Amino acid sequence: MKSIIEPLLRDHAKLRTLAGELRAHTERFDLPGMRQTAQAMLDTARAHILKEEAVLYLIGMKFLKANNKKLPELFKEHDQTLSRLQNLGQLLFSARLTNIEDQARQTVFMLLEGLDHHLAEEESVVFPALDKLIDDPHKELILHRYGTMDGGEFDELDRMPLVSLSDEEPHTSGSVRSSGFDTL
Ligand SMILES: [Fe+2]
Ligand SMILES: [Fe+2]
């Protein structure tokens, strides 16, 4: 079976490349470069977060206990990343360009620092746990959803049907359920 994590890792690689470009443009305060890169990051992050949250909703509803702390944290960080990118975009296209440099530099700094931490934690802790925890029928379901997302048929509201689809109750072994993911 194809990996459900591989497409997420590819997005991370793309986000890291863009983050490096944004850092370089910001050092020189190259405004057109910053604008273009911030927009590309927003587009990439939006698509990535949709994919990732489809998986996280599923795993949250299906396998995690109610007191899990990691999941809400990840969702909050996603919202934070998107709102920082949106704020940055607004600043960079603002009419009062002379006053924005300090604020734009600070927003970029917070954005990149937060993103760095988020990607590293997902790769070291979250993805390995997901890969281990999700059973094959659910992996099939997730791969299918990725397919419809890439075809542009996916929108944010489609995350919930993914959860209800999963109620077909695939065979989940007891060992998977008690694998301690709630300590993640
Ligand atoms: Fe994420
Ligand atoms: Fe991610």
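In this predicted model, the largest nonpolar core comprises 17 residues, and those with the most contacts inside it are L15, L22, A38, M41, L85, L88 and L92. Two or more residues of this core come from each of helix 1 (6-27), helix 2 (31-62), helix 3 (70-92) and helix 4 (101-133). Apart from this core lies another, of 14 residues, which includes I4, L58, L141 and Y146. In soluble globular proteins, nonpolar side chains tend to be buried together.

The surroundings of L22 were examined without counting residues up to four places away in sequence; L22 then touches M34, T37, A38, M41, V108 and L112.

Helix 3 has 23 residues, which at 1.5 Å a residue should span 33 Å; the C-alpha atoms at its ends are 33 Å apart, in agreement with that value. Its buried residues are T81, R84, L85, L88, L91 and L92. An α-helix has 3.6 residues a turn, so residues three or four places apart point the same way.

Helix 4 bends by about 45° at E122. E122 is itself buried, as are A104, T107, V108, L111, L115, L119, V126, F127 and L130 in helix 4.

A further glutamate, E52, is located in helix 2. E52 is classed as buried because 22 other C-beta atoms lie within 10 Å, the threshold being 20 or more. E52 and Y146 are 94 residues apart along the chain, and their C-alpha atoms are separated by 9.6 Å. Y146 is among the residues of the 14-residue core.

Technical notes: Residues are numbered from 1 along each chain as its sequence is written. Chains are lettered from A and ligands numbered from 1 in the order in which they are written. This is a predicted model: local features need pLDDT of at least 70, side-chain atom pairs count only at pLDDT 80 or more; totals for chains, interfaces and linings use all residues. A nonpolar core is a set of buried Ala, Val, Leu, Ile, Met, Phe, Trp, Tyr and Cys residues joined through C-beta atoms within 7 Å. A residue is buried if 20 or more other C-beta atoms lie within 10 Å of its own, exposed if 12 or fewer, and partly exposed in between; C-beta atoms are placed from the backbone. Helices (H or I, at least four residues) and strands (E, at least two) are DSSP runs, numbered from the N terminus. Two residues are in contact if their C-beta atoms, placed from the backbone, lie within 7 Å. The expected span of a helix is 1.5 Å times one less than its number of residues. The bend at a residue is the angle between axes fitted to the seven residues ending there and the seven starting there.
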